[in-house]
Amino acid sequence: MNRVTTTALLLALVASATSAFAADSTTPDQLRAAAEQAVRAQYSDAGSRVVIVPTKLSERLRLAACSKPLQTHLPNRQGTPSRVAVAVSCTGAPGWSIQVPVQMQVFRQVLVTSRPLARGDMIGPADVHVEERDITRMGYGYVESVDQITGHAVAHPLIAGVVLEPGDLTGRETVHSGEEVALIAQVDGIEVRTAAMALDGGDTGSHLRVRNDTSGKIINGIVLGAGEVQALP
């Protein structure tokens, strides 16, 4: 047998062995595909766009081929992380489990400030607009709907173009400081109403101070609803 024939035979044997090895193993590409599919299923909620950032696994990683479809499990955690380790496992013969890292971006429509806002400003639809942003970078949360800002004031100054976070808002106010309200009092079993100005803001059930427009007296009261304050004894 000449050298050329011997070399060709050796190459054929190597190729055959490599093909058989690959057929009897689970490849890094299969592991990565299973992990990425699990991530997309977990985080592709309505209105979200998941972008997988390729994570390279060692090409020398080989696990025995699984007799059943690969199983995946994601850890239970709050929020939306930028990186997650997915447990990929074989529940059939021979049985194995491995952690596969997946890096991702999750885009969602969130509210962004349209103009600078000062502390105490009441915030409304004209002050914000919707933009698609990567929420994996938002460790302090985000606001998605105009309904979530209705009745709230700004807790601290905000510049234009920043994502609105829950911590940027004060509690909801049914009555606002400086607003004219109806001050309601019970006198000998009779309900008496008079005009007053709220000196504080608060939601229904909150205690605040009002100034009676007639007497000028400052009275403690409780908010009954929009524009109405019950005088406290």
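Colleague: Which residues of the largest nonpolar core touch the most other members?

Modeller: In soluble globular proteins, nonpolar side chains tend to be buried together. In this predicted model, the largest nonpolar core holds 25 residues, and those that touch the most other members are Leu31, Val39, Tyr43, Val86, Val88 and Val102.

Colleague: Which elements give two or more residues to this core?

Modeller: Helix H2 (28-43) does so, together with strand E2 (48-53), strand E5 (83-90) and strand E6 (96-113), and E6 provides the largest share, with seven residues.

Colleague: With which residues is leucine 31 in contact, leaving aside its neighbours within four places in sequence?

Modeller: Contact here means heavy atoms within 4.5 Å. On that basis, and with those neighbours left aside, leucine 31 meets Thr26, Leu57, Leu61 and Leu63, and also Val88, Trp96, Ile98 and Val100.

Colleague: Which residues does the second, separate core include?

Modeller: That core has eleven residues, among them Leu183, Ala196, Leu208 and Ala231.

Colleague: What percentage of the residues count as buried, then?

Modeller: For the 233 residues of the protein chain the figure is 32%, while the accessible surface comes to about 13700 Å², with 54% of that area belonging to carbon and sulfur atoms.

Conventions
Residues numbered from 1 in each chain as written. Predicted model: local features only at pLDDT ≥ 70, side-chain atom pairs only at ≥ 80, totals over all residues. Heavy atoms only, no water. Buried < 20%, exposed > 50% of the residue type's maximum accessible area, 1.4 Å probe, protein only. Areas by Shrake-Rupley, 256 points an atom, 1.4 Å probe, with all protein chains shown as cover. Core = buried A, V, L, I, M, F, W, Y, C linked by side-chain atoms within 4.5 Å. Helix = DSSP H or I, 4+ residues; strand = E, 2+ residues; numbered from the N terminus.
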